[in-house]
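Try each task before reading its solution.

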Amino acid sequence: FVRKRALERTAVEIAAQHMVTDLPSSFSDGFMKLCGVEMAAAACRRCLDDARISINDVDVIEVHDCFSCNELFMYEALGLCGPGQGGRLIDTAVWVKNRNGGELCQLGGRWIVNPSGGLESKGHPIGATGLAQCAELNWQLRGETGQRQVDHAKIGLQQNFGLGSAAVVTLYT
């Protein structure tokens, strides 16, 4: 299909995808577990293992930021920082300018998270959140996002979550 239509230059592939559903601890050990931290961490580890890469290889990330605290939780779950360090990671972030003149918040000297503005910037359209994240990462990897563009993005990671049900992590290349 891709070759027949000469789409090789714009094709984005799913390198790995995992879904983890409720764990025994999801409803018994506090808010962070209810918000899917353990599920996201497990799905992320599986994806990175399948793709034979580390989180440090990822260039751009879209996380399910249904609440501002949840974004911080996901920094920890995805391995961008250690447990309890999500706030510190954002506190030490720097603003970097891309080649299109846009400014992006860079975490840990490496990652751009939610260059789209995240789910809350879109009004958190339940049901469409995963599609919005997928579209953003495809556009990012194609270099089509203008001032939101993460320069030289080659690997994207998507984390999505449904409260009390499942966490899904997808790696795009």
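**Exercise 1: a buried charge**

Task: find which side chain of opposite charge is nearest to E62, and how far away it is.

Solution. E62 is buried (under 20% relative accessible area, 1.4 Å probe, protein chains only). E62 has no salt bridge, meaning a side-chain nitrogen of Lys or Arg within 4 Å of a carboxyl oxygen of Asp or Glu. The nearest side chain of opposite charge is K122, 4.6 Å away. Lys and Arg count as positive, Asp and Glu as negative; His and the chain ends are not counted.

This is a predicted model: local features need pLDDT of at least 70, side-chain atom pairs pLDDT 80 or more, while totals for chains, interfaces and linings use all residues. Residues are numbered from 1 along each chain as its sequence is written, and side-chain values use heavy atoms, without hydrogens and water.

**Exercise 2: its surroundings**

Solution. Strands are DSSP runs (E, at least two residues), and helices are runs of H or I, at least four; both are numbered from the N terminus.

**Exercise 3: the whole chain**

Task: state how many helices and strands the chain has, and what share of its residues is buried.

Solution. Count 6 helices and 7 strands. Their order is β-α-α-β-α-α-β-β-β-α-α-β-β. Finally, 43% of the 173 residues count as buried.

Terms used. Buried means under 20% relative accessible area, exposed over 50%, partly exposed in between (1.4 Å probe, protein chains only).
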